[in-house]
Amino acid sequence: MEPGPAGKRTALIWISRDKHLVPEMQELCSSAGYEIIEEIGQGKREADPRYYLGPGKIEEVGELDVDNIVTVADLTPSQLFNISHKTSKKVSDRTRVILDLFQNRANSPEARMQVEIADLRYQLPVLREYIHQGKLSERPGFMAGGEYKIDYYFDMIKKRISQLKGKVEGERKRRGRKRALRRRRGAHLVSIAGYTNAGKSTLLNQIIETNREDKLTDVGGRMFTTISTTTRKMKGSRGCLVSDTVGFIRDLPPWLLEGFMSTLEEIFEADIVLLVLDASEDQELLKRKLKDSLSILLKGGTEGEIIIVPNKIDSMDNDIDELRELILDSVPDGFEGRIGPIVPISALEGLGIQDIIEIVNSTLPPLVEIEFEIPYENNIESLIIDLRQHVNDITEEFRDGEIHIKCSMEDRWAGHFKKKVESRGGEARILDP
Ligand SMILES: Nc1nc2c(ncn2[C@@H]2O[C@H](COP(=O)(O)OP(=O)(O)OP(=O)(O)O)[C@@H](O)[C@H]2O)c(=O)[nH]1
Ligand SMILES: [Mg+2]
């Protein structure tokens, strides 16, 4: 169950300038546990600097029987203060709702720290405004203790932010080291990227090796079901590790994005990126999300090959050829060379999953056959153990004080182990393909 806000009854408000944000905000609200029971739009091009809606309209909203007022756009701290002061209700803007959502979903220590940083950074200017306004209206008892206490409080928040940032940075480095280690051990890193709710976790669950004790990654028809990275072994594919990542969303405030960019490193540094799209969505939305996703990938310095994976083909209106054309038309100039094949799938129904596995396999370096004869002597075990981690098939035999190994491995590893074995007085022969 979602914790959500204390009281759930919500009025969603907007002005005509922001009307296009309404459908997404409805989804965000329902994912974060707000129950919209009233929707009020006002025909205005410009937001009122004090109340977002006009003062008369906001008074009407204040009389509604709701616990929360949610605006589809972001507010300034003074708008937040003024609306809640005038209506005596809890006021949340778009970023607040996204933060509530992240708070509900943060299930790893790193995600919890990142959410706390984002939350504190959101609260600082708002608190400053409340204190400023509180002093102006000289409410007795408000922040009793005066300047000193306020400064102390702000200092505490800032210290907490920098302490958390240090810890998150440590965690980021730890993840980087882990990635580097996996790579040194010969793993190929595959990342699943895309907008929230596109079906990334459903795809992950379809392409990983599972045994009965494994817990599959949570899937949900809500936004931001996954907000931390999970890495697992891919099935039917030698040495591939696949990671699920936090979903993209448009117009995330830069300071919020900054925190979550570090969890996106998994994508930027992957050998292969599976960019998942929701093909059941409206065409215009699909195109825009594709362009935005590619620009995030570019900004992050993605090095790997990008494979576009339109998902949910079981419930789309287009046929597959139209879909391909639509996607190819939307790829911005300069990106064509970076895009691998387009692989339409239905992660829910298991359609096209084998295609993904085959395409990932086809991007892997080819294998060569190699034979080793290694004299058995002290400390040879660690070399053998290392070697076994880099092979595809292997047969081993112990004969005349030597270990005879026949195996297939990638070219680069064949060269590496040939040298190692020869330096230990052994022999290595790469067989003709
Ligand atoms: N019809 C249909 N629904 C799908 C398909 N794949 C996923 N879904 C549904 O789409 C919703 C979102 O799926 P998730 O796998 O949680 O999406 P996600 O990209 O991981 O979302 P976040 O973790 O929130 O970023 C769920 O209700 C899934 O059941 C599909 O191929 N077809
Ligand atoms: Mg997910």
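This is a predicted model: local features need pLDDT of at least 70, side-chain atom pairs count only at pLDDT 80 or more; totals for chains, interfaces and linings use all residues.

Residues are numbered from 1 along each chain as its sequence is written.

An automatic or database domain assignment supplies the bounds below.

| Domain | Residues |
|---|---|
| domain 1 | 9–94 |
| domain 2 | 106–167 |
| domain 3 | 186–362 |
| domain 4 | 367–430 |

The C-alpha centres of domain 2 and domain 3 are 37 Å apart. Ten residues from domain 2 and nine residues from domain 3 make the contact (heavy atoms within 4.5 Å). About 730 Å² is buried between domain 2 and domain 3, 60% of it from carbon and sulfur atoms. Buried area is the accessible area (1.4 Å probe) that two parts lose on being put together, summed over both. On the domain 2 side, Gln 114, Ala 118 and Arg 121 lose the most area to domain 3, together 55% of what that side buries. Zero salt bridges link domain 2 and domain 3 (a side-chain nitrogen of Lys or Arg within 4 Å of a carboxyl oxygen of Asp or Glu).

There are three cavities of 30 Å³ or more. A cavity is a set of points on a 1 Å grid over the protein atoms alone where a 1.4 Å probe fits but cannot get out; lining residues have an atom within 4 Å of a point. A volume is the space filled by probe spheres set on the points. The largest cavity holds about 90 Å³. Its lining includes Phe 102, Phe 224, Phe 248 and Phe 260.

Notes: Chains are lettered from A and ligands numbered from 1 in the order in which they are written. Side-chain values use heavy atoms; hydrogens and water are left out. On a 1 Å grid over the protein atoms alone, a cavity is a set of points where a 1.4 Å probe fits but cannot get out, and a pocket is an open set with protein on both sides within 12 Å along at least five of seven lines; lining residues have an atom within 4 Å of a point.
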